[in-house]
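This briefing goes through one protein chain by topic, from its overall make-up to individual residues and contacts. Please keep the sequence and the structure in view while reading.

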Amino acid sequence: MSLQWTAVAFFLYAEIVVNIILCIPFISAHRWRYVFSWRIWSWLSPYWNKGFFAMIMVLVVLFIDAVREVQKYSGPESTQDANVNPNLYDNIHMKLFRAQRNLYISGFSLFLWLIMYRVVTLLNQTAVTLDNSAELQAQVDAALKEVKQHQEKEQTFKKELLEGEKSMAATKEQLKLELQKLSSRLKTAEEDRRKSNAEVEAMKRQAKGLALEYDRLLKEHHQLQNQKPEDKKDQ
């Protein structure tokens, strides 16, 4: 195996290990986001996109070269040469095997490189989504708590309003009873006033009668006094 394909093979093994580590279930997305937030990644971030696309280009070139080699050693010309010269049969099949091996290595390396990039992106998005979900859940909890408080206040207000209506009804009944009592007292006072007026009128009439009687008696008394001297002279 040449140096370039040895490097691609080691790169493939490294991709397999990294993808397995990224897919470990008990490592949460928050932990991966904490790992991705290290300073070294922020230092490498300006070169990350360039390195990613450069590696894709290298793997695509190697993949195309491997496809070309496979087509080269599996074509009809190579088969004819192997039939003409039997000594070349093993050599051609060995080169075909290497070309197919290089094709698989480059193809899986390219595939796993894209998968690893996608997994890292999804882990970051999942961590951000979880953080946003936690914030939204906190906001929802706060809103539910506020709604619950408003409902409690509304229940308290309704209770106070009901108690106020009951108290107002009791006060209204009490005022109604007091009004009835005052009405009965007013009627009694009116009857007493009428009786008092009747008694006053009777007393006035009696006083008037007494005054007339007094005047009559007074006149008779004057008449009697006026008659007495004359009677004395006659005697």
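This is a predicted model: local features need pLDDT of at least 70, side-chain atom pairs count only at pLDDT 80 or more; totals for chains, interfaces and linings use all residues.

## Overview

The protein chain holds 5 helices and 0 strands, and its elements, read from the N terminus, follow the order α-α-α-α-α. Of the 235 residues in the chain, 15% count as buried.

**Annotated transmembrane regions**

- An unreviewed UniProt entry carries the annotation "transmembrane region" for residues 7-27, 47-67 and 103-123.
- Residues 47-67 are 100% helix and 0% strand, with a distance of 30 Å between the end C-alpha atoms.

- The buried residues of H1 are Trp5, Val8, Ala9, Leu12, Glu15, Asn19 and Leu22; because they cover an arc of only 150 degrees around the axis, they are placed on the same side of H1.
- The other side of H1 carries the exposed residues Leu3, Phe10 and Ile20.
- Trp5, which is found in helix H1, has a relative accessible area of 5% and is therefore buried, the cut-off being under 20%.
- The C-alpha atom of Trp5 is separated by 6.9 Å from that of Asn102, although the two residues are 97 residues apart along the chain.

**A nonpolar patch on the surface**

- Phe10, Tyr13, Ile16 and Ile20 form a nonpolar patch on the surface, and together these residues have about 440 Å² of accessible area.

**Salt bridges in helix H3**

- The structure holds 5 salt bridges, and one of the pairs is Asp65 with Arg68, whose closest N and O atoms are 2.8 Å apart.
- Asp65 and Arg68 are 3 residues apart in helix H3, which covers residues 39-73, so about one helical turn separates them.
- An α-helix has 3.6 residues a turn, so residues three or four places apart point the same way.
- Asp65 counts as partly exposed at 25% relative accessibility, and Arg68 also counts as partly exposed, at 42%.

- Glu154 and Lys158 meet through their side chains in a salt bridge with an N to O distance of 3.6 Å.
- These two residues, Glu154 and Lys158, are 4 residues apart in helix H5 (residues 87-234), so that about one helical turn lies between them.
- With a relative accessibility of 42%, Glu154 counts as partly exposed, and Lys158 is likewise partly exposed, at 45%.
- A further salt bridge joins the side chains of Glu190 and Arg193, with an N to O distance of 2.3 Å.
- Glu190 is partly exposed, with a relative accessible area of 28%, and Arg193 is partly exposed as well, with 42%.
- Glu190 and Arg193 both lie in helix H5, where they are 3 residues apart, or about one turn of the helix.

**A salt-bridge network**

**Gln71 and Ala99**

- Gln71 lies in helix H3 and counts as exposed, because its relative accessibility of 57% is over the cut-off of 50%.
- Between Gln71 and Ala99, which are 28 residues apart in sequence, the distance in space is 8.9 Å from C-alpha to C-alpha.

Definitions and conventions. Residues are numbered from 1 along each chain as its sequence is written. Side-chain values use heavy atoms; hydrogens and water are left out. UniProt positions are given in the numbering used here, feature names are shortened, and annotations may be inferred rather than shown by experiment. Patches are made of residues with over 30% relative accessible area and no salt bridge: like charges are joined within 9 Å, nonpolar side chains (Val, Leu, Ile, Met, Phe, Trp, Tyr) within 5 Å. Accessible areas come from the Shrake-Rupley method with a 1.4 Å probe; for residues, only the protein chains shown count as cover. A salt bridge is a side-chain nitrogen of Lys or Arg within 4 Å of a carboxyl oxygen of Asp or Glu. Buried means under 20% relative accessible area, exposed over 50%, partly exposed in between (1.4 Å probe, protein chains only). The arc is that of the directions from the helix axis to the C-beta atoms.
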